[in-house]
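I opened this notebook to record what I looked up in the structure, entry by entry. The sequence and the model come before my notes.

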Amino acid sequence: MTTTQTPPVIPATHEPLLAVARSVAGEDGVTVSVFRDNVRFHVVPGKVLAVLKNLRSECGLDMLIDLSAADYLNYPGAANRYGIWYVLESVSSGLRVIVKTWANDPEPRLDSVFDVWRGADWMEREVFDMFGVVFDGHPDLRRILMPDEFVAHPMRKDYPLRGEGERHNFLALSREQS
Amino acid sequence: MAERGIPVAVEHEPYDGFVVAKLDELASWCRKNSLWPMPFATACCGIELMATGASKHDIARFGAEAFRFSPRQCDLMIVAGRVVMKMLPVLQRIWLQMPEPKWCISMGACASSGGVFDTYAVVQGIDRFLPVDVYVPGCPPRPEQLLQSVIDLQDKISRTGTVLGREFRGRGQPEGPRSLRTEMDSADQMVAPGNFRTSTRSWSLPTVNDRPRA
């Protein structure tokens with residue numbers, strides 16, 4: 001999802017993080033983009049769990065601030081459908097980095113980071129609920145917001161914006177019968 | 001009582017102390033002045049509902065100050081706020097648990113039409129699934145508007161009320177708006193994937209009037 005043509009200027013604070021990420025995923029496994037003070041590592045999906053694990057153990061990024069996703073269906077220039085990101089922070093130094101990866105239809109899958117950060121539990125469940133990305137290794141991957149019998153993933157871009165939908169699939173009570 | 005709209009005849013001599021009135025009107029007069037609201041408050045309208053009950057606006061002036069959090073003790077449900085598809089079965093069940101006679105006020109834009117929340121989860125008006133007597137516009141409505149709706153409901157009760165609740169029997173059809181499906185092009189129509197007749201959704205709700213018919 002890199003749009004800048006010129007190589008990004010990586011802050012000196014993030015150089016060691018990039019070195020660790022590249023040592024795990026290889027030179028081609030990680031690309032970097034910078035937007036204002038956000039430094040983003042784009043990691044290939046197969047390596048993202050290992051990269052996150054090492055960023056935590058070797059660089060002190062001990063807190064998972066956010067784990068979320070977006071659907072890039074029909075997005076200009078997008079190569080992959082689902083973008084998933086992990087925002088990491090070091091509690092002691094305040095250093096932040098965003099690790100991004102991607103998934104694609106028909107079966108969007110990623111490795112769960114539940115074993116690295118327990119806080120990923122509900123965040124991965126929400127991504128699963130809203131986008132249908134399955135996290136392998138998650139101990140309890142159920143829907144978290146929508147009812148259990150819901151089968152769609154409503155934050156996908158191809159989910160209809162109008163119409164009756166599941167929200168109106170209920171019994172209507174008349175005054176006489178109630 | 002005559003001043004409050006109930007035609008009565010008072011005999012002074014020799015039957016001092018007797019009042020003659022139609023039973024329906026006497027029952028309605030009692031009911032309308034002691035409405036016990038069930039506060040179904042799910043959003044910001046609930047804050048206005050609390051303000052309506054507080055001292056400045058004081059819903060007790062209209063006899064409706066006895067908010068009860070058990071539907072078994074209530075006869076007026078005030079739905080204040082948006083209702084999502086996970087909450088609707090709860091709302092219906094609470095409505096069914098209220099004893100007769102009972103009325104429903106749909107308070108605010110969200111309860112009445114979904115308001116700005118035209119999303120995958122929010123029910124576009126509770127009247128699609130429940131019988132509503134009075135709607136209150138506003139986002140959220142002022143307490144004065146809610147008080148006016150209580151006054152309007154009192155008026156409705158005194159006009160139509162019967163001691164046996166005969167006025168409810170004519171309302172045998174769902175009273176909400178037409179299905180959304182009829183209002184849009186076929187290209188816009190959404191097909192709900194899957195079968196939703198499971199789990200939290202009940203398709204034969206037990207109702208108080210489900211007694212064997214002779």
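A residue is counted here as buried when its relative accessible area is under 20%. The model I examined is a predicted one.

**Entry 1: chain B as a whole.** I applied that cut-off to chain B and found that buried residues make up 42% of its 214 residues. I then looked up the accessible surface of chain B, which comes to about 11600 Å². Carbon and sulfur atoms account for 55% of that surface. For secondary structure, I noted five helices and six strands in chain B. Along the sequence they follow the pattern β-β-α-β-α-β-α-β-α-β-α. I also looked up the contacts in chain B between residues at least 6 apart in sequence; of these, 74% join residues at least 24 apart.

**Entry 2: a sheet in chain A.** I turned to chain A and traced an open sheet of five strands in the order E1-E2-E5-E4-E3, with mixed pairing. Its edge strands are E1 (30-35) and E3 (63-71), each of which pairs on one side only. I recorded an average twist of 25 degrees from one strand to the next. Helix H1 (residues 15-25) of chain A packs on this sheet and touches E1, E2 and E5. The direction of H1 makes about 150 degrees with that of E1(A).

**Entry 3: the partners of E2 in chain A.** I asked how E1(A) and E2(A) run, and how many bridges join them. They run antiparallel, and six bridges join them. In this pair, A:Thr31 stands opposite A:His42 in E2(A). The hairpin of E1(A) and E2(A) has two residues between the strands, and A:Arg36 takes a positive phi near 50 degrees there. I then examined E2 (residues 38-43) against E5 (residues 96-103) of chain A; these strands run parallel and are joined by three bridges. Here A:Phe41 stands opposite A:Val99 in E5(A).

**Entry 4: A:Arg81.** I located A:Arg81 in the loop between E3 and E4 (82-89) of chain A. Is A:Arg81 buried or exposed? Its relative accessible area is 11%, so A:Arg81 is buried. I looked up its contacts, leaving aside neighbours within four places in sequence. Among them are A:Ala70, A:Asp71, A:Tyr72 and A:Leu73, together with A:Ala103, A:Asn104 and A:Asp105. The list also includes A:Arg156, A:Lys157 and A:Asp158. Lastly, I noted a polar contact of 3.5 Å between the side chains of A:Arg81 and A:Tyr82.

Notes:
Residues are numbered from 1 along each chain as its sequence is written. Chains are lettered from A and ligands numbered from 1 in the order in which they are written. This is a predicted model: local features need pLDDT of at least 70, side-chain atom pairs count only at pLDDT 80 or more; totals for chains, interfaces and linings use all residues. Side-chain values use heavy atoms; hydrogens and water are left out. Two strands pair if DSSP finds at least two bridges between them. Helices (H or I, at least four residues) and strands (E, at least two) are DSSP runs, numbered from the N terminus. Axes are lines fitted to C-alpha atoms, for helices over the stretch in contact, and angles run from 0 to 180 degrees between N-to-C directions. Contact means heavy atoms within 4.5 Å. Buried means under 20% relative accessible area, exposed over 50%, partly exposed in between (1.4 Å probe, protein chains only). A polar contact is a pair of N or O atoms within 3.5 Å; within protein, one must be able to donate a hydrogen and the other to accept it, and residues adjacent in sequence count only if both atoms are side-chain atoms. Accessible areas come from the Shrake-Rupley method with a 1.4 Å probe; for residues, only the protein chains shown count as cover.
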